Amino acid sequence: MNTLTWVDGVPDDSPFGVHNLPYGVFTTAERPERRRIGVRIGEYVLDVAAVARALGAPSTLLEAPTLNPLMAGGRPVWLSARAAITSWLTEPAHRALVEPHLAPLAGVTLHLPFEPADYVDFYASEHHASNIGGMFRPGSPPLTPNWKHLPIGYHGRSGTLVVSGTPVTRPVGQSKAPDASAPGFGPCRRLDFEAEVGFVVGAPSPLGVPVPLSAFGEHVFGVCLVDDWSARDLQAWEYVPLGPFLGKSFATSLSPWIVPLDALQHARVRPPVRDVEPLPYLDDRDAEPWGLDLELEVRLNGQVLTRPPFASMYWTAAQQLAHMTSNGASLRTGDLFASGTVSGPERESVGSMIEYTWNGQDPVKLADGAGRAFLEDGDEVSISATAPGPGGIRLGLGEVTGRILPAVATP
Ligand SMILES: O=C(O)/C=C/C(=O)CC(=O)CC(=O)O
Ligand SMILES: [Ca+2]
Ligand SMILES: [Mg+2]
């Protein structure tokens with residue numbers, strides 16, 4: 001059935017129908033230098049600035065080569081843009097004017113949709129933190145004493161955020177095996193992925209003014225998927241005591257579509273019951289919950305490896321935002337914070353390879369009979385996700401994918 005939009009080939013239950021309308025930035029083969037904002041509908045991308053122009057209402061926010069000006073506009077602007085685009089795609093009266101500005105997705109190139117400002121990565125899955133903690137710190141309790149009192153995070157490298165499809169060169173660096181007498185330098189031998197959900201800040205906040213839990217929806221523009229590529233051997237040697245550094249800064253991949261937070265209202269769920277009472281600025285027990293029932297899927301070389309459940313995350317994105325501004329740190333348009341690896345309780349629901357193979361001891365069995373303890377050159381990892389939408393339909397978050405290239409030779 002196709003009753004919601006006049007666009008051909010977009011059934012009412014399409015993951016990219018009118019209830020989703022994610023934003024991206026694209027170029028065409030004819031104009032490879034001209035980046036424009038696109039909204040995805042089915043297997044098409046709508047050039048929204050061109051439509052606004054055709055309607056005689058050109059918009060400086062939509063004319064931009066990144067989403068940043070639109071994101072900076074704040075929620076009233078996001079809602080009116082979304083309402084206008086919805087009417088363009090649903091009202092038959094608009095069809096003649098809008099249809100020429102739809103381009104088949106297959107013919108466009110998608111780019112990083114926003115200019116990143118700061119990048120923070122959290123550590124919010126209790127299953128992941130327990131699994132990793134046990135592997136990195138054997139003999140100590142897997143969760144550190146602070147874990148259930150605050151959402152732990154670290155500042156990542158925003159300059160190496162890349163769009164899905166960008167090849168990932170195997171990093172080189174310093175590492176030391178536990179039984180080695182001295183560190184060495186060379187290509188990473190324990191390369192991993194991490195399946196995460198990213199939250200993109202639109203509206204900034206002033207220095208010195210914390211953002212409370214209740215203001216989450218006023219600041220966060222939308223959601224994407226993140227692959228936090230991780231060099232486990234580099235990480236294990238370098239991270240004490242300041243946390244991840246070069247083991248995670250060589251590349252972090254983002255899906256090209258930013259799903260508006262307003263499209264995810266049906267995905268909101270209560271987070272798991274917490275067994276430690278949070279401090280007041282993190283206490284969401286009486287608030288509208290910001291858990292999100294997203295279902296992720298991780299594929300390795302096309303084969304489904306795991307299905308991580310985002311609803312199982314201990315800390316919500318609203319708590320993460322409240323925590324990262326609780327000291328008065330300001331927000332900038334383009335700030336990205338990632339959830340941390342999304343891992344459920346079972347082997348089939350973890351969000352990283354080090355968990356799936358239990359530190360490489362129990363390799364993945366690939367369809368061609370080969371085994372994988374960690375990623376090899378040529379391997380491709382894809383992470384996709386869906387979310388509940390209205391009327392039982394599922395919205396698509398798209399996909400983030402990357403293929404591993406061999407390390408660049410080192411002296
Ligand atoms: O426990 C540690 O020392 C480190 C854990 C991580 O790998 C950090 C990270 O990226 C957090 C996450 O994705 O959940
Ligand atoms: Ca991570
Ligand atoms: Mg990274």
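A residue counts as near a molecule if its C-beta atom, placed from the backbone, lies within 6 Å of that molecule. The model described here is predicted.

**The ligand**

Ligand 1 is surrounded by 13 residues, and the closest are Y123, I132, F136, G340 and T341. Helix α6 (residues 126-136) provides the largest share of this shell, 4 residues. The table sorts the shell by class.

| Class in the shell around ligand 1 | Count |
|---|---|
| nonpolar | 5 residues |
| polar | 5 residues |

In soluble globular proteins, nonpolar side chains tend to be buried together. Here the largest nonpolar core holds 105 residues, and V48, V200, V220, V223, I258 and L294 touch the most other members. The most residues given by one element, 6, come from strand β14 (residues 220-227). Because domain 1 (23-111) and domain 2 (119-405) both contribute residues, this core lies between them.

Leaving aside residues up to four places away in sequence, V223 touches V197, G198, F199, I258, V259, L261, L264 and L397.

**Helix α9**

Is helix α9 (residues 317-324) largely enclosed or open? The helix is largely enclosed by the rest of the structure, because 8 of its 8 residues are buried. These are A317, A318, Q319, Q320, L321, A322, H323 and M324. The buried residues of α9 pack against the strands β6 (119-122), β7 (153-155), β13 (195-201), β14 and β22 (336-338), and also against helix α7 (216-219).

Note on methods. Residues are numbered from 1 along each chain as its sequence is written. Chains are lettered from A and ligands numbered from 1 in the order in which they are written. This is a predicted model: local features need pLDDT of at least 70, side-chain atom pairs count only at pLDDT 80 or more; totals for chains, interfaces and linings use all residues. A nonpolar core is a set of buried Ala, Val, Leu, Ile, Met, Phe, Trp, Tyr and Cys residues joined through C-beta atoms within 7 Å. A residue is buried if 20 or more other C-beta atoms lie within 10 Å of its own, exposed if 12 or fewer, and partly exposed in between; C-beta atoms are placed from the backbone. Helices (H or I, at least four residues) and strands (E, at least two) are DSSP runs, numbered from the N terminus. Domain bounds come from an automatic or database domain assignment. Two residues are in contact if their C-beta atoms, placed from the backbone, lie within 7 Å. Ala, Val, Leu, Ile, Met, Phe, Trp, Tyr, Cys and Pro count as nonpolar, Asp, Glu, Lys and Arg as charged, and the others, Gly among them, as polar.
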